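Biologist: I've got a model open and I'd like to learn how to read it. Could you walk me through it, feature by feature?

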Amino acid sequence: MADPTVDRAALAAELERARTDFHHLLAIVRVDEGNAPSSGTRWTNEQLLFHMVFGYMIVQRLLILVRLFDRLPDPVCRGFARLLEAATRPFHLINYYGSCLAARFYNRQRMGTKLDRVISALQRSLQRERGFARGMYYPTRWDPYFRDYMTLADIYRYPGRHYEHHRRQLTLAALT
């Protein structure tokens, strides 16, 4: 049965707002700004833009993990989160270098299309979702927006928070 406390329309609107804003960012970034450093990260603006798209891409996988781990015994779920927490350092390296490498393929000409496809898929998933209270434990050191336990509703809210965090780190002249 659907969870009446989750506002699907608000979640869908947040996804759409990010899609619209991202296309705006792609339209205003100047050629010389793509390789400029971002603020507070080691990424360039273009790499950070990809990383913002990646936040939505990862949610597709997190939704699968929640649906799987929610069915397992609590000690297994907590153990998996502890295992991931122990791998924080390699995760951060993969996260950084992965975004650097992926931004070469998903450059400014391809990022918008990728985000469109991912958000469309998330919106379809959101409309089909019936168990927003299902959840699992997470490695809290991986991301400032991960909490110890997150429900499916939390996962749908996560990419918008991640997006806004990194949007503030872009150093595009049109944003100042």
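**Reading burial, core and pocket**

Modeller: Buried means under 20% relative accessible area, exposed over 50%, and partly exposed in between, with a 1.4 Å probe and protein chains only. Keep in mind that this is a predicted model, where local features need pLDDT of at least 70, side-chain atom pairs count only at pLDDT 80 or more, and totals for chains, interfaces and linings use all residues. Residues are numbered from 1 along each chain as its sequence is written, and side-chain values use heavy atoms, with hydrogens and water left out.

Biologist: Where is L152 placed, and what does L152 touch?

Modeller: L152 sits in helix α6; helices are DSSP runs of H or I with at least four residues, strands are runs of E with at least two, and both are numbered from the N terminus. Contact means heavy atoms within 4.5 Å. Not counting residues up to four places away in sequence, L152 touches L63, V66, E129, G131, F132 and R134. R67 is 85 residues away along the chain, yet the two C-alpha atoms are separated by 8.4 Å.

Biologist: How do I read a nonpolar core?

Modeller: Think of a set of buried Ala, Val, Leu, Ile, Met, Phe, Trp, Tyr and Cys residues joined through side-chain atoms within 4.5 Å. Here the largest one has 51 residues, and F22, L49, Y56, M111, Y138 and I155 have the most contacts inside it. α2 gives the most to this core, 12 residues. Leaving aside neighbours within four places in sequence, Y56 is in contact with L15, A18, L115, V118, I119, L122, P159, G160 and Y163.

Biologist: And which residues are buried in α1?

Modeller: An α-helix has 3.6 residues a turn, so residues three or four places apart point the same way. In α1 the buried ones are R8, L11, A12, L15, A18, R19, D21, F22, L25 and L26. They pack against α2, α5 and α6.

Biologist: What lines the largest pocket?

Modeller: On a 1 Å grid over the protein atoms alone, a pocket is an open set of points with protein on both sides within 12 Å along at least five of seven lines, and lining residues have an atom within 4 Å of a point. The largest pocket has a volume of about 630 Å³, the volume being the space filled by probe spheres set on the points. Of its 34 lining residues, H51, F91, N95, W142 and D143 are the closest to the centre. α2 supplies the largest share of the lining, 8 residues.

Terms used: On a 1 Å grid over the protein atoms alone, a cavity is a set of points where a 1.4 Å probe fits but cannot get out, and a pocket is an open set with protein on both sides within 12 Å along at least five of seven lines; lining residues have an atom within 4 Å of a point.
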